[in-house]
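Here's a quick briefing for anyone opening this one for the first time. Take a look at the sequence and the 3D view, then read on.

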Amino acid sequence: MASITHLQVVDFGPAGPLRCQRCKAYVNPFMTFVNGGREVSCNFCGHNSPVAEEYFCRLGPDGRRQDVYERPELCCGSVEFAASPEYMVRCSFACGTTGQQNKSILHVYECLCPSRTDATHRQQHLAFTVSLLIAPTNECTECLRR
Ligand SMILES: [Zn+2]
């Protein structure tokens, strides 16, 4: 069984990752691009959302984006999305800046897969709970230096 040793970081810049307009699902390998690549069909809710011009890519003869293997978010099961400014939190401690913040951690794990045993699910839940307990605060790096 292959292990995950390195998640690729995907940075969509200030606009943030492509997301479904209806259910807010993040772009993933199971979304399909339609209308020549100008819209993306959500694999969760079926809604078609427009694709920003800077993310547009023509579809190949197989109906898939021609850059699918150049974009980790379209070909990898797990990626790390760089947080866009709307998810940056103003320091809630002493300085009140919006400068460099400690990274927040978002854990998402699939628990509907029939191959998962109850024991595996319990271990994941425990690991998730522990990680929340040791997760950094949103105290900014300036406050941590004091
Ligand atoms: Zn959706």
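**The chain at a glance**

Of the contacts in the chain with a separation of 6 or more, 52% are between residues 24 or more positions apart; two residues are in contact if their C-beta atoms, placed from the backbone, lie within 7 Å. Keep in mind that this is a predicted model, where local features need pLDDT of at least 70 and side-chain atom pairs count only at pLDDT 80 or more, while totals for chains, interfaces and linings use all residues. Residue numbers start from 1 along each chain as its sequence is written.

**Overall make-up**

- The chain has three helices and five strands, and here both are DSSP runs numbered from the N terminus: helices are H or I with at least four residues, strands are E with at least two.
- Reading from the N terminus, the elements go β-β-β-β-α-β-α-α.
- Buried residues come to 8% of the 146 residues in the chain. A residue is buried if 20 or more other C-beta atoms lie within 10 Å of its own, exposed if 12 or fewer, and partly exposed in between, with C-beta atoms placed from the backbone.

**The sheet**

- Three strands make an open sheet in the order β2-β3-β4, and their pairing is antiparallel; two strands pair if DSSP finds at least two bridges between them.
- β2 (32-34) and β4 (48-50) sit at the edges with a single partner strand each, so one side of each has no neighbour in the sheet.
- On average, neighbouring strands of this sheet are turned by 35° against each other, direction ignored. For that angle, axes are lines fitted to C-alpha atoms (for helices, over the stretch in contact), and angles run from 0 to 180 degrees between N-to-C directions.
- β2 and β3 (residues 39-41) run antiparallel and are joined by three bridges.
- Phe-33 has Val-40 in β3 as its bridge partner.

**Gln-8 and its contacts**

- You'll find Gln-8 in the segment before β1 (9-10).
- Gln-8 counts as exposed because it has 12 C-beta neighbours inside 10 Å.
- Gln-8 is in contact with Pro-72, Cys-76, Val-79 and Glu-80, leaving aside neighbours within four places in sequence.
- Take Val-79: Gln-8 and Val-79 are 71 residues apart in sequence, yet 5.3 Å apart in space, C-alpha to C-alpha.

**Tyr-26, in the loop between β1 and β2**

- Tyr-26 has its place in the loop between β1 and β2.
- With 16 C-beta neighbours inside 10 Å, Tyr-26 is classed as partly exposed.
- Not counting residues up to four places away in sequence, Tyr-26 touches Pro-17, Arg-19 and Phe-81.
- From Tyr-26 to Phe-81 it's 55 residues in sequence and 9.3 Å in space, C-alpha to C-alpha.

- As background, most residues other than glycine have a negative phi.
- Lys-24 has a positive phi, near 70°, and is a residue other than glycine.
- Lys-24 lies in the loop between β1 and β2, and is exposed, with 10 other C-beta atoms within 10 Å.
- Asn-35 isn't a glycine either, but has a positive phi of about 55°.
- Asn-35 is placed in the loop between β2 and β3, and is exposed, with 12 other C-beta atoms within 10 Å.

- Glu-53 is in the loop between β4 and α1 (72-75).
- Is Glu-53 buried or exposed? Glu-53 is exposed, because 7 other C-beta atoms lie within 10 Å.
- Glu-53 and Arg-38 are 15 residues apart in sequence and 8.0 Å apart in space, C-alpha to C-alpha.
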